[in-house]
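Please keep the sequence and the structure in view while reading.

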Amino acid sequence: MLSKEGADFTKILRRYDIETQVSMTPEEMAKKLLPTDEVFKKVAEEVLYMRFKTVGPVVMEALKQRNPLDVINNGLVAGMECVAKLYAEHVYYLPEIMMAAKTMEIGIAIAEKQVPGGRESKGTVVMHAAEGDPHDIGKNIAAVMVRSSGYTVVDMGRDVPIVDFIAKVEEVKPLFASGTALMTTTMSAFPAEAKILKEKGIEIPLMGCGGAVNREYANSYDLGIYSEKAPQTPLIAEKIRQGYTWKQVRDEWDAIVGGQ
C-alpha cells in the first residue's frame with residue numbers, strides 16, 4: 001500500500017492566484033492606485049469602497065474646491081479604475097463591480113449638474129451578447145468599464161438577433177461595437193455580423209469577447225478585434241477614439257493592453 005508519509009500537499013489542488021488573493025487587501029492595493037490629491041482621493045475612495053450612501057456629500061464638498069469635470073475624471077472615474085484593477089487581480093468580483101459602478105453613477109449625476117451643457121461623451125459604443133447566447137455577465141462588466149471611462153453605451157442585452165444588431169449600428173453609428181459569446185455555438189455570429197457590416201460599407205471595429213472567443217478567432221475575420229478582459233476594453237476604445245483602425249488595433253494589441 002502507498003504511504004503518504006513525508007508527502008508535501010501544499011501545492012496540490014491549489015489555484016495559481018490564491019497567494020495574491022489572501023495576501024492583498026483592497027486597502028493595501030489602494031495605496032498605490034488612488035490619486036495623491038487629497039480631495040480627489042476622498043472622492044475615489046467612495047467609489048473604491050462602494051459607499052453609495054455617503055458619496056453625495058463627499059462629491060458636493062469636493063465641488064467646492066475643484067472643477068466638476070476634474071471631480072468626475074480625477075476622482076470618480078479614478079476610483080472606478082482602481083476597482084477595475086482589483087477585479088483584474090481577483091480581489092474584487094462582480095458584486096463589488098456593480099456596487100462601485102452604482103456609487104460612481106450617483107457621484108457623476110451630482111457633478112454633471114454643475115457642468116454647463118453636461119459632460120461630453122467620448123463616443124457611442126454598441127454592446128451585445130450574441131444571438132442565441134443567454135450569458136451577459138461579462139458584457140455587463142465591460143459596459144460598466146466603458147461607461148465609466150466617458151463613453152455612451154448602447155447595451156442591447158443578450159441573445160440579440162444579428163439583424164437587430166446591424167440595424168442598431170446603422171442607427172447610432174457607433175465608434176465601435178462589441179459582442180460577447182460564452183458558447184462555441186453562438187460565436188459564429190461575429191464573423192456573420194462583420195461580413196454584413198463590410199457589405200454595407202461600415203468599417204468600424206467589431207470587438208469579440210467572452211469565454212468562447214480567443215484572439216486568434218477574433219482576428220480571423222475582417223473588422224474583428226479582441227478584448228480578453230473587461231478592463232482592456234476602455235484601453236482599446238481610447239485608441240479607436242484616437243483614430244486607430246481595426247487593423248492597427250490588431251497590430252498593436254499587446255502594447256495597447258499592456259499589463260491589463
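## Lining of the largest pocket

In this predicted model, the largest pocket has a lining of 26 residues, and those that lie nearest its centre are Y87, G138, E228, K229 and A230. Two or more lining residues come from each of three elements, namely the helices α5 (68-88) and α7 (137-148) and the strand β3 (176-180). Of the elements, α7 provides the largest share of this lining, with five residues.

## Volume and residue classes of the largest pocket

The volume of the largest pocket is about 500 Å³. When the residues of its lining are divided by class, 13 are nonpolar, nine are polar and four are charged.

## The second largest pocket

The second largest pocket, with a volume of about 300 Å³, is lined by 17 residues, and E81, S149, P231, P234 and L235 are the ones that lie nearest its centre. The elements that contribute two or more residues to this lining are α5, α7 and α11 (232-241), and the most, six residues, are given by α5.

By class, the lining of the second largest pocket consists of ten nonpolar, three polar and four charged residues.

Notes. Residues are numbered from 1 along each chain as its sequence is written. This is a predicted model: local features need pLDDT of at least 70, side-chain atom pairs count only at pLDDT 80 or more; totals for chains, interfaces and linings use all residues. Side-chain values use heavy atoms; hydrogens and water are left out. On a 1 Å grid over the protein atoms alone, a cavity is a set of points where a 1.4 Å probe fits but cannot get out, and a pocket is an open set with protein on both sides within 12 Å along at least five of seven lines; lining residues have an atom within 4 Å of a point. Grid points are joined across faces, edges and corners, and a volume is the space filled by probe spheres set on the points. Helices (H or I, at least four residues) and strands (E, at least two) are DSSP runs, numbered from the N terminus. Ala, Val, Leu, Ile, Met, Phe, Trp, Tyr, Cys and Pro count as nonpolar, Asp, Glu, Lys and Arg as charged, and the others, Gly among them, as polar.
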